[in-house]
Amino acid sequence: MVQSEPLLSIELPAQASSIAEARRAVERVAAECGAERTDVALAVTEAVTNAYCHGYRGDADGEIQVSAELEGGQLVVAVVDRGVGMSPHPDWNGFGMGLPMIGHLSSPVHFEDVDPGVCIRMYFDTH
């Protein structure tokens, strides 16, 4: 089986401004392949926000990778950080709604430890 080129592959600094940049990039990809643009954008916004706030805890030295590809009729978007992994942030109460929202918007969603860090892989139907 031949592996196709990713539709998107970007590395962003772990900064608040990267959240909007990632959202804009995946919106374009979603529109091009017929996925629900709003769902993809919101789920990726949540995933990148989690990577920035929780994975790196606001440390701008980290990188957040965002990639997208088509797989079996679905748009698959992965957000990867090399931060502290999925552990509670001692200084952040938050609302705790990001991961449930991602789970609601994408089907399925997979969380993978990448040692260090986390990969959130989200699947969206295309038409």
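I call a residue exposed when its relative accessible area is over 50%, and buried when that value is under 20%. With that cut-off in hand I opened this predicted model.

**Entry 1: Asp-115**

I looked up Asp-115 to start. Its relative accessible area is 72%, so I put it down as exposed. Asp-115 sits in the loop between strand 4 and strand 5. I checked its backbone too: phi is near 45°, a positive value in a residue that is not glycine. Then I read the peptide bond from Asp-115 to Pro-116, and it is cis, with omega near 0°. Pro-116 belongs to the loop between strand 4 and strand 5.

**Entry 2: another cis bond**

I moved to Pro-108. A cis peptide bond links Ser-107 to Pro-108, and omega there is about -5°. I found Pro-108 in the loop between helix 3 and strand 4.

**Entry 3: the overall layout**

Next I stepped back to the whole chain. I counted 3 helices and 5 strands. Reading from the N terminus, I get the order β-α-α-β-β-α-β-β. Of the 127 residues, 43% are buried. The protein exposes about 7,100 Å², and carbon and sulfur atoms supply 51% of that area. I also looked at contacts between residues at least 6 apart in sequence: 67% of them join residues at least 24 apart.

**Entry 4: helix 3**

Which residues of helix 3 are buried? I noted Gly-98, Ile-102 and Leu-105 in this helix, which covers residues 98-105. Looking down the axis of helix 3, I see its buried residues within an arc of 70°, so they line one face. A reminder to myself: an α-helix has 3.6 residues a turn, so residues three or four places apart point the same way. On the face turned away from the buried side, helix 3 carries the exposed residues Pro-100 and His-104.

What do the buried residues of helix 3 pack against? My list has helix 2 (37-55), strand 4 (109-113) and strand 5 (118-125).

**Entry 5: helix 2 with helix 3**

For packed helices I write down the angle between the axes and the distance between them. Helix 2 and helix 3 pack at about 150°, and their axes are 9 Å apart. That angle makes helix 2 roughly antiparallel to helix 3, since the cut-off for this is over 145 degrees. I recorded the crossing of these helices as left-handed. From helix 2, the residues that meet helix 3 are Asp-39, Leu-42, Ala-43, Glu-46, Ala-47 and Asn-50. Their partners in helix 3 are Gly-98, Leu-99, Met-101, Ile-102 and Leu-105. Gly-98, Ile-102 and Leu-105 were on my buried list for helix 3.

**Entry 6: helix 1 with helix 2**

I finished with helix 1 (residues 17-33). Helix 1 and helix 2 pack at an angle of about 150°, with 8 Å between their axes. That makes helix 1 roughly antiparallel to helix 2. Is the crossing of helix 1 and helix 2 right-handed or left-handed? I wrote down right-handed. On the helix 1 side, the contact is made by Ser-18, Ile-19, Ala-22, Arg-23, Val-26, Glu-27, Ala-30 and Ala-31. Helix 2 brings Arg-37, Val-40, Ala-41, Val-44, Thr-45, Val-48, Thr-49 and Tyr-52.

Terms used
Residues numbered from 1 in each chain as written. Predicted model: local features only at pLDDT ≥ 70, side-chain atom pairs only at ≥ 80, totals over all residues. Heavy atoms only, no water. Helix = DSSP H or I, 4+ residues; strand = E, 2+ residues; numbered from the N terminus. Buried < 20%, exposed > 50% of the residue type's maximum accessible area, 1.4 Å probe, protein only. Contact = heavy atoms within 4.5 Å. Areas by Shrake-Rupley, 256 points an atom, 1.4 Å probe, with all protein chains shown as cover. Arc of directions from axis to C-beta. Axes fitted to C-alpha atoms, helices over the stretch in contact; angles between N-to-C directions. Parallel < 35°, antiparallel > 145°, perpendicular 65-115°, else oblique. Left-handed = near helix turned anticlockwise from the far one by under 90°.
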